[in-house]
Amino acid sequence: MTRLSLRRRPRRNRKSAAIRDACRETTVGPANFVYPLFVHERDDDIPIGSMPGCMRFGRRGLLAEIERARAVGIRMFAIFPALTDELKDPRGSKSFDPAGLVPRTLSEIKSRWSDTVLVTDVALDPYSSDGHDGIVGPDGRILNDETVEVLCKQALCQARAGADVVAPSDMMDGRVGAIRDALDADGFAEVSILAYTAKYASGFYGPFREALDSAPRHGDKKTYQMDPANVREAELEVELDEAEGADMLMVKPAGAYLDVIARVRAATALPVAAYQVSGEYAMLKAASERGWLDERRVVMESLVAIRRAGADVILTYYARQVGEWLAEV
Ligand code: PBG
């Protein structure tokens, strides 16, 4: 080795914790997180088998969990409802019931903590007896424009109950613009839209569908969610959602799609969000429980990688846990 090649020694900037801390390019912490929580109509909390540590919460349990998370700096929450089968129908009518589970939950949280940012999922799957994000037509196809009409009602219902951010996760075409118009026409110009811009037809949603009992009863979601093989197509979705008035753009899942996050980051000036989904959580949990991985290390590494790829905001089931870890030191 020549002397010249050793004049640059990158290790000098790694030689102590203080220097490493000073030179760190990416940080991650509670301010970046949205904490997704499941709520059901019962009073008790039921653990979700494939997501150890996560629950379908009853009213009291949910409020207690939010309080715990707030204590370590989590300020944004996404609420997902688990409905019993009797409440589901082919058109997902309960999705815009003002007396429904989500509106009741939102107003209760808001009345306690008005500074909490509440994000709601706009899609029909928890309400649909077919388990699809949209309305299924007689021939089995998912009806785009009919679905968008219902999604607008759902988003309005959520806004009226106190949602700060509505997050269409359904992947119907044109829904962001339609929801923006509906919100504006009803006096909700301040309600934001977090668009699931590049949401892939992914196997990593398995545990979530178990949590909500929302798996499609027949077929799959490939006619509306994106093909995991595509990334150029994500740029087209960015262009549309931006033009339709989205305030933030999301990539989902996160860990296996870091290149997509980076592409979306480069294609927009809007804030970018990424969803570390249920299957990513389940993998990290399962290996950690077996002692095969050091949970805290790999969770922090997975989250900093998502930030490094370009995400500002991360939806993660680890939000409260990470807040607690960071508060310890
Ligand atoms: C449905 C929705 C899904 C998730 C969030 N919203 C599942 C799906 O599209 O089937 C997945 C979240 C996760 O897996 O953690 N609109």
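The structure holds 27 salt bridges. It is a predicted model. Two of the salt bridges share K221, which pairs with D125 and with D133. Charge also gathers on the surface, in a negative patch and a positive patch.

**Salt bridges around K221**

- K221 forms a salt bridge with D125, and their closest N and O atoms are 3.8 Å apart.
- K221 sits in the loop between α6 and α7, while D125 sits in the loop between β5 and β6 (135-136), so this pair ties together parts that are 96 residues apart in sequence.
- K221 is buried, with a relative accessible area of 5%.
- D125 counts as buried too, at 6% relative accessibility.
- D133 also meets K221 in a salt bridge, at 2.6 Å from N to O.
- D133 lies in the loop between β5 and β6 and K221 in the loop between α6 and α7, so the contact ties together parts that are 88 residues apart in sequence.
- Both D133 and K221 are buried.

**Other salt bridges**

- K94 and D97 form a salt bridge, with 4.0 Å between the closest N and O atoms.
- K94 is partly exposed, with a relative accessible area of 34%.
- D97 counts as partly exposed as well, at 22% relative accessibility.
- A network of salt bridges links E65, R68, R320 and E324.

**Charged surface patches**

- The negative patch on the surface consists of D145, E146, E149 and D173.
- E146 belongs to helix α4 (residues 144-160).
- With 35% relative accessibility, E146 counts as partly exposed.
- The positive patch on the surface gathers R7, R8, R9, R11, R12, R14 and K15.
- R12 is found in the segment before α1 (17-23).
- R12 is partly exposed, at 42% relative accessibility.

- Strand β5 (residues 117-122) is mostly covered, with five of its six residues buried.
- β5 pairs with strand β4 (residues 76-82) in the parallel sense, over four bridges.
- A78 has V119 of β5 as its bridge partner.
- F38 and A78 are 40 residues apart along the chain, and their C-alpha atoms are separated by 8.6 Å.
- F38 is found in strand β1 (residues 33-40).
- F38 counts as buried, at 2% relative accessibility.

**Backbone exceptions**

- Most residues other than glycine have a negative phi, and most peptide bonds are trans.
- M171 is not a glycine, yet has a positive phi of about 70 degrees.
- M171 lies in the loop between β8 (165-168) and α5 (175-185).
- M171 is buried, with a relative accessible area of 4%.
- D213 also has a positive phi, near 50 degrees.
- D213 is placed in the loop between α6 (206-212) and α7 (232-243).
- At 38% relative accessibility, D213 counts as partly exposed.
- The peptide bond from K252 to P253 is cis, with omega near -5 degrees.
- P253 lies in the loop between β10 (248-252) and α8 (258-267).

- G174 is in the loop between β8 and α5.
- G174 and N144 are 30 residues apart in sequence, with 8.7 Å from C-alpha to C-alpha.
- G174 counts as partly exposed, at 35% relative accessibility.

Key: Residues numbered from 1 in each chain as written. Predicted model: local features only at pLDDT ≥ 70, side-chain atom pairs only at ≥ 80, totals over all residues. Heavy atoms only, no water. Patch = residues over 30% accessible without salt bridge, like charges linked within 9 Å, V, L, I, M, F, W, Y side chains within 5 Å. Areas by Shrake-Rupley, 256 points an atom, 1.4 Å probe, with all protein chains shown as cover. Salt bridge = Lys/Arg side-chain N within 4 Å of Asp/Glu carboxyl O. Lys, Arg positive; Asp, Glu negative; His and termini not counted. Charge placed at Lys NZ, Arg CZ, Asp CG, Glu CD. Helix = DSSP H or I, 4+ residues; strand = E, 2+ residues; numbered from the N terminus. Buried < 20%, exposed > 50% of the residue type's maximum accessible area, 1.4 Å probe, protein only. Pairing = 2+ DSSP bridges.
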